[in-house]
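Let's take a walk through this one, aromatic rings in hand. Have the viewer open and follow along.

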Amino acid sequence: MMHPPDDHDLVESLKTGSHPAYTLLFERYWKTVFNTVFRKTGHEQAALDITQEIFFLLWEKRAQLEIRGPLLHWLHGVIRYKVIDWFRESTRQLEQKDHLLSVLAQQYARAVPAEDNLLNYDKAYSLWLQYANQLPGRMKEIYLLSKIEGRSIAEIAGLLSLKPQSVKNHLQRASDRVYEQMRSAVSFGCSLLLLSGLMT
């Protein structure tokens, strides 16, 4: 009975450009890579994208590979850096969105009478609170601790015995959900006025 080739043999074949060796390594590890990335990010699409990037990198860098032992050790190292990069990029995009909302809200506030702003804000706040309370249990708890009580990610993580990364994931998903609901429920200007204050 033949045993499947070990990682060392497959990597050596891969370095010569062997497509069958690459396919075997992909089939052996893609689920592990995907599940690990998904557990760290909490985003299915991000996990799919990062998994694809990692195996693309494996092929692109095949000639320079110096791997001793299971390929999984190398994969875990790449996963760590890819996930860190993903969180950095996600944070940068969120900051850009918050900045844009703030700028647009200021422009809107200058364009309409002050009494209209006040009425619109009250209406928008009521809707925001309604949508916030419709979030799933733990997500709602984290979101309200952040937006109502002004707790930091570190404080929430300590209160709920969670990892800061998990708190950050919940907050980002909650903000995205509430933002989309608010955008479709009230006028564009009202949403901007509210969200520029609640999502920063």
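Phe 34 comes out as buried, at 15% relative accessibility (buried is under 20% relative accessible area, exposed over 50%, partly exposed in between, with a 1.4 Å probe and protein chains only). Phe 38, with a relative accessible area of 35%, is partly exposed. Both sit in helix 2, four residues apart, or about one turn of the helix (helices are DSSP runs of H or I with at least four residues, strands are E runs of at least two, and numbering goes from the N terminus). The ring centres of Phe 34 and Phe 38 are 6.0 Å apart and the planes are at 5°, so this pair is stacked.

A word on what you're looking at: this is a predicted model, where local features need pLDDT of at least 70 and side-chain atom pairs count only at pLDDT 80 or more, while totals for chains, interfaces and linings use all residues. Residues are numbered from 1 along each chain as its sequence is written, and side-chain values use heavy atoms, with hydrogens and water left out.

How many aromatic pairs does a search of the whole structure find? There are five, where rings of Phe, Tyr and Trp (its six-membered ring) pair if their centres lie within 6.5 Å, and planes under 30 degrees apart count as stacked, over 60 as edge-to-face and the rest as tilted. Phe 26 and Trp 30 have ring centres 6.3 Å apart and planes at 15°, so they are stacked.

Phe 26 and Trp 30 also lie four residues apart in helix 2 (residues 19-41), about one turn of the helix. Phe 26 is partly exposed at 31% relative accessible area, and Trp 30 is partly exposed at 31% too.

## Charges over rings

Arg 62 has its charged end over the ring of Trp 59, 3.9 Å from the centre. Such a charge is NZ of Lys or CZ of Arg within 6 Å of the ring centre and within 35 degrees of the ring normal. The charged end of Arg 80 sits over the ring of Tyr 81, 5.3 Å from its centre.

## Asn 169

Over in helix 8 (residues 164-185) you'll find Asn 169, which counts as buried at 6% relative accessibility. Neighbours within four places in sequence aside, Asn 169 is in contact (heavy atoms within 4.5 Å) with Lys 40, Thr 41, Gly 42 and Phe 87.
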